[in-house]
Amino acid sequence: MAEAAIIGEQIEDDEVQEILKTGTDLRQYSAQIEKEFKEVENRSIDDYIKESQNIANLHNQIGNTSNILERMESMLMDIQDALNNISTEITSLQKKSVSMSVQLTNRQSIRAQISQFVEDMAVPEEMVACIMDSPVTEKEFMGHLNELNHKLNLMKELNFKDSKSSQDVSDVLQKLKIKAMSKLRLYLMEQIYKFRKPMANYQIPQNAMLKYKFFFEFILSNERAVAQEICNEYVDTMSKIYYSYFKSYSTRLGSLKFEEAVSKDDLMGLDDSVPKSIFSKTSSLKNKSTVFSIGDRGEVLNQQLEAPIIVPHAQQKFRYAYEALFRSEQYALVDNACREYLFVTDFFIVRGPQAQELFNQIMGKTTALLIKNLETYVQDCYDTIALFLCIQLCFRYQLMCHKRCVPALDKYWDNLHAVIWPRFEQVFRMNIQSIQDCDPTKFPKETGPHYITRRYAEFSAAIVGITENFPNELVSHMLLELQEEVKCFMLRMAAIFTTRKEQLIYLINNYDLVLGVLMERTRDNSKEAEAFRELLSTRSAEYVEEILAPHLGGIIQFVKDCEQMRDKEQTEELKRQERRSLQLVANFSANWKKSLEDLNREVFLSFPSLLTGSQLLQLALAQLVQYYHKFYKLLTPNARAQLVNIHVIMIEVKKYKSNF
């Protein structure tokens, strides 16, 4: 508006300036303008007069419209008030609905609890009749017994809370409990008494008891004194049964043992050719090789480990080594003890120390008997292999028990080890000492394998073979001690021979025997086999040099001397050896075929093993050819021309090639 006024003023100013420029009279101009205003005003009045009716109508319409809007406003206000009232009523209804729903839920919950409580408290007549009259083995009795147990547990809880409602049925439930307890006790005692019948298979009543193990659970829950009575009766019965069975079984097994036992005269280093006194209390084995060789005895750890036990009355014509009887006895114990432990934990509902204590009460006398019997045998036992097999049987049966989830015999196995290990070590060291005490001069001068060496080979192979899967540091250490003593004994024995060749023949024969037995019975890479393989290789190379010396000694010495001269660059000295070389060539050309025959004959006469003899002969021939090549290279052209062609020698050497 201010801007319009300013513009208007500017226009008027412009008009005024224009009028002043033209010289127009302002009064005339003002009168003219006033006249124009009057005309415009008159025309506007005429227009208003003409539109007066329309304006009046518009005024009336505006008034009517205003009235209508007032009425609509009044109606909307009434509707708003009605809606507010309805919302309030809905909210009130919602609150009432939630309250009624909660009340209904509470009443339904209370109704279910009251119904369940009434059902639990009520004692149906059919339950009373079944508990009173039905046999305990019937299916209906078991169902009602479970129901009665539930009601009794509820009664205990209510009595603890001093609930008066329990007094209505307390008397009836107590009488039913006493009746059920009496019938269950009688049934379980009858099953236990069945164990006592002669020739009874106690697995049958045990299975029957396991089928109804809830009976004992019911008694334990409601009357611990009766449960303890049943448990004590079972423990007393089974303890006597197992003790009687194993005592009889051990005695009868003892009658199947070999009559000829290993004694202190059957040690590895003792001479079995020395006559014993007729008054000697212990009789030595006729064949000592059976003392140190394992043969088929090791099968008790493999195929026979879980074989059926020996039945004495059916095997009276047979005789067994002690470890076979020990295996049968321990396997019988493992089978019975594992089954008994699993039964006890399942039926009497015991775990951990309680299960161990109950098991010890049942099997304690039996295990003590077996340990005592073992102690009796061990104190006079000199059979090292039998002792070691028994140790390994204990390891394997303990592992078997763990696989069956039965740790109850762990202490028993520890006691067996405590009995056997000291005696095993003692007898082992007695054998070592017997070799130390050997006097080589008392043995005949024979270059073949010594019987003590054979004993050691068989014994070492047996122990190493057994321990391959269950290594033991103590056993490995004692085996090493025994090995060192045997090697020292071989050297002492070799020293009684006057010539080095005989000494080497003796050593090779004995090393070869030990190595052959070890490779046959154990892994090729055992420490014992490697030790004797190295010794055999060293002595074989030395022996080859010894047997080649009589036939090729001059050539061997010539080669060594000339090679030394060549290394020292003594050229003139080498040239002066031609005369010596011509003489050696002549001798070799005249005798080489006979030398080959003599070597072949000597080697095979010296070694009882054809394979060993053949290997040594091939080694000697290879060494001969090697020296021949070196000799050939050191000769002058004149001497070479007189030497036998190498191809001729090789053809002859191939004739002695072995097929072994």
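Leucine 83 is found in helix 3 (residues 52-121), where helices are DSSP runs of H or I with at least four residues and strands are runs of E with at least two, numbered from the N terminus. The model is a predicted one, in which local features need pLDDT of at least 70, side-chain atom pairs count only at pLDDT 80 or more, and totals for chains, interfaces and linings use all residues. Residues are numbered from 1 along each chain as its sequence is written, and side-chain values use heavy atoms, with hydrogens and water left out.

Leucine 83 is exposed, with a relative accessible area of 51%; exposed means over 50%, buried under 20%, and partly exposed in between (1.4 Å probe, protein chains only). Together with Leu76, Ile79, Ile86 and Ile90, Leu83 makes a nonpolar surface patch of about 470 Å². Such patches are made of residues with over 30% relative accessible area and no salt bridge, with nonpolar side chains (Val, Leu, Ile, Met, Phe, Trp, Tyr) joined within 5 Å and like charges within 9 Å. A salt bridge here is a side-chain nitrogen of Lys or Arg within 4 Å of a carboxyl oxygen of Asp or Glu. Accessible areas come from the Shrake-Rupley method with a 1.4 Å probe, and for residues only the protein chains shown count as cover.

Turning to the whole protein, the secondary structure comes to 23 helices and 0 strands. Of the 660 residues, 40% count as buried. The largest nonpolar core has 176 residues, and Phe215, Tyr234 and Phe348 have the most contacts inside it. A core of this kind is a set of buried Ala, Val, Leu, Ile, Met, Phe, Trp, Tyr and Cys residues joined through side-chain atoms within 4.5 Å. Helix 11 (residues 322-347) gives the largest share of this core, 14 residues. Leaving aside neighbours within four places in sequence, phenylalanine 348 is in contact (heavy atoms within 4.5 Å) with Phe216, Cys231, Tyr234, Phe343 and Leu358.

Two further residues round out the picture. Serine 581 lies in helix 20 (residues 578-606) and is buried, with a relative accessible area of 1%. Beyond its neighbours within four places in sequence, serine 581 touches Phe558, Phe631, Leu635 and Ala639. Arginine 500, in helix 17 (residues 500-521), is partly exposed, with a relative accessible area of 30%. With the neighbours within four places in sequence again set aside, arginine 500 is in contact with Arg539, Glu542 and Glu546. The C-alpha atoms of arginine 500 and tyrosine 543 are separated by 8.6 Å, the two residues being 43 apart along the chain.
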